[in-house]
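I opened this notebook to record what I looked up, working from the whole chain down to single residues. The structure I worked from goes here.

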Amino acid sequence: MHRVLQQMVLLGCAALGAAACAPTAPPDAGPADAAAAAAVYAMSDFSRVRKYDAHVHANTMDTAFLEQARADGFELMSINVDYPDFPTLETQHAAALALAAAEPARFHWATTFPMDGFGAPGWADTVAAALARDVAQGARAVKIWKNVGMVEKDADGRLIMLDHPGLSPVAERIRALGVALIGHQGEPHNCWLPLEEMTTDNDREYFRNHPEYHMYLHPEEPGYEDQVAARDRFLAAHPQLRFVGAHLGSLEYDVDRLAAFLDRFPHATVDLAARMSQVQYQSVRDRDKVRDFFIRYQDRVLYGTDLTLGPDADPDEFRRQAHAVWRADWRYLATAESQRVETIDADVPGLALPRAVVDKLYYANAARMFAPAPIPAASGAGN
Ligand SMILES: [Zn+2]
């Protein structure tokens, strides 16, 4: 959810500022403790460990994003989205091709498709042809955004939910192309709560200022459970589809519920983009529970941020913010250090996940989900 990004970037800076790059000294440790500590990364490991930000938006040909990713040891999955506040899909596509050409081993991209013309004859074939072209150009995934479920309407004026039969041929095409579908459906659970019950200040502030998007005030629209249920029916109908649920699959508020989702859909994974504070909200209340979740589902979660570089941004300022966000998240997931997280008004101890788990969250899972599409087998009786 891109509107959270600015708050998230600010959060990252605030967290970094509070932590002030001052790792706490390790306590006196015996040999056993020393061995255990050695299995956990430190802040000093941040830039050298191979990492992958599985959810960013590089919406300009400016190479600042790529340069900071190189400096901090990240590969990037830049996701094109049919989002009114972003540059046009053509501009996003051109930026993706240019940056992938500049550094193909580091910059990866996901394509998307417009919903214009949905329901008209030939729409699905037109989309399928465009997706095949994009995958041939190197796209590693396809994004479907929350406009499906919350904005786009069919000819009868009804919202198009993700499990609409008209989307089925597109899903099957994506599966046949051998790439992942990144789905962002719904909103954070907070969106359906009154302001005083929301768990994070960034959501509270946003929905106070944008009552038109605050679904608690719009009970006539599909509810949270309607959005999640439509997504789940879609996954049940396409069990072979490789699916990445963006933003923790909109189940960010409860790791138990997220675990049940991952158990039910073994081909599904989720990314952490723009939801770290929701995880932190839970871990300050029960750190072991959240830490155990990441260990148990270490093959199913992709590190991601939602960092966005638009055409009007100051590239140097963006690099500084991206570096701060990436370091704050590393401090939380990979180390035991505490940091101040303003949006939940709490000091949040790090999870100190085992190195092997961090390596999966931060790299291996994304590399697997976004592996290059298989080269299509030659068809017909060519010679
Ligand atoms: Zn995003």
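**Entry 1, the whole chain.** I began with contacts between residues at least 6 apart in sequence, and found that 76% of them join residues at least 24 apart. I kept in mind throughout that this is a predicted model. The protein has 383 residues, of which 47% are buried, and I noted 15 helices and 11 strands.

**Entry 2, the sheet.** I then traced the strand order and found 9 strands in an open sheet, running E8-E7-E6-E5-E4-E3-E2-E1-E9 with parallel pairing. At the edges I noted strand E8 (301-302) and strand E9 (308-309), each of which pairs on one side only. Helix H3 (residues 64-72) packs on this sheet, where it touches strand E1 (51-58), strand E2 (74-79), E3 and E9, and its direction makes about 150 degrees with that of E2.

I followed the bridges strand by strand.
- Strand E3 (residues 107-112) pairs with strand E4 (residues 141-144) in the parallel sense over 3 bridges; here Ala110 stands opposite Ala141 in E4, and Thr112 has Lys143 of E4 as its bridge partner.
- E4 in turn pairs with E5 in the parallel sense over 4 bridges, and I found Ala180 in E5 to be the bridge partner of Ala141.
- E5 and strand E6 (residues 243-245) pair in the parallel sense over 3 bridges, with Phe243 in E6 as the bridge partner of Leu181.

I compared helix H5 (residues 123-136) with helix H7 (residues 168-177), whose axes come within 9 Å and cross at roughly 20 degrees. Angles under 35 degrees count as roughly parallel, and H5 and H7 are therefore roughly parallel to each other. H5 passes H7 in a right-handed crossing. The contact uses Ala124, Val127, Ala128, Leu131, Ala132 and Val135 from H5, together with Pro169, Val170, Arg173, Ile174 and Leu177 from H7. When I sorted this contact by class, I had 10 nonpolar, no polar and 1 charged residues.

On the H3 side I listed Ala64, Glu67, Gln68 and Asp72, which meet Pro315, Phe318, Arg319, Ala322, His323 and Trp326 in H14. By class this contact has 5 nonpolar, 2 polar and 3 charged residues.

How many residues of helix H12 (residues 276-283) are buried? I counted 8 of its 8 residues, and noted the helix as mostly covered. The buried residues of H12 include Gln278, Gln280 and Gln282, as well as Tyr281.

I looked up Val49 in the loop between helix H2 (31-38) and E1. Val49 has 17 other C-beta atoms within 10 Å and is therefore partly exposed, since a residue counts as buried only at 20 or more. Leaving aside neighbours within four places in sequence, Val49 is in contact with Tyr41, Gly73 and Tyr362. The C-alpha atoms of Val49 and Asp72, which are 23 residues apart along the chain, are separated by 8.8 Å.

Leu248, in helix H10 (residues 246-249), has a positive phi near 55 degrees, and with 25 C-beta neighbours inside 10 Å it counts as buried. Asp306, in the loop between E8 and E9, has a positive phi near 80 degrees, and Asp306 is buried, with 25 other C-beta atoms within 10 Å.

Key. Residues are numbered from 1 along each chain as its sequence is written. This is a predicted model: local features need pLDDT of at least 70, side-chain atom pairs count only at pLDDT 80 or more; totals for chains, interfaces and linings use all residues. Axes are lines fitted to C-alpha atoms, for helices over the stretch in contact, and angles run from 0 to 180 degrees between N-to-C directions. Angles under 35 degrees count as roughly parallel, over 145 as roughly antiparallel, 65 to 115 as roughly perpendicular and the rest as oblique. A crossing is left-handed if the near helix is turned anticlockwise from the far one by less than a right angle, and right-handed if clockwise. Two residues are in contact if their C-beta atoms, placed from the backbone, lie within 7 Å. Ala, Val, Leu, Ile, Met, Phe, Trp, Tyr, Cys and Pro count as nonpolar, Asp, Glu, Lys and Arg as charged, and the others, Gly among them, as polar. A residue is buried if 20 or more other C-beta atoms lie within 10 Å of its own, exposed if 12 or fewer, and partly exposed in between; C-beta atoms are placed from the backbone. Two strands pair if DSSP finds at least two bridges between them.
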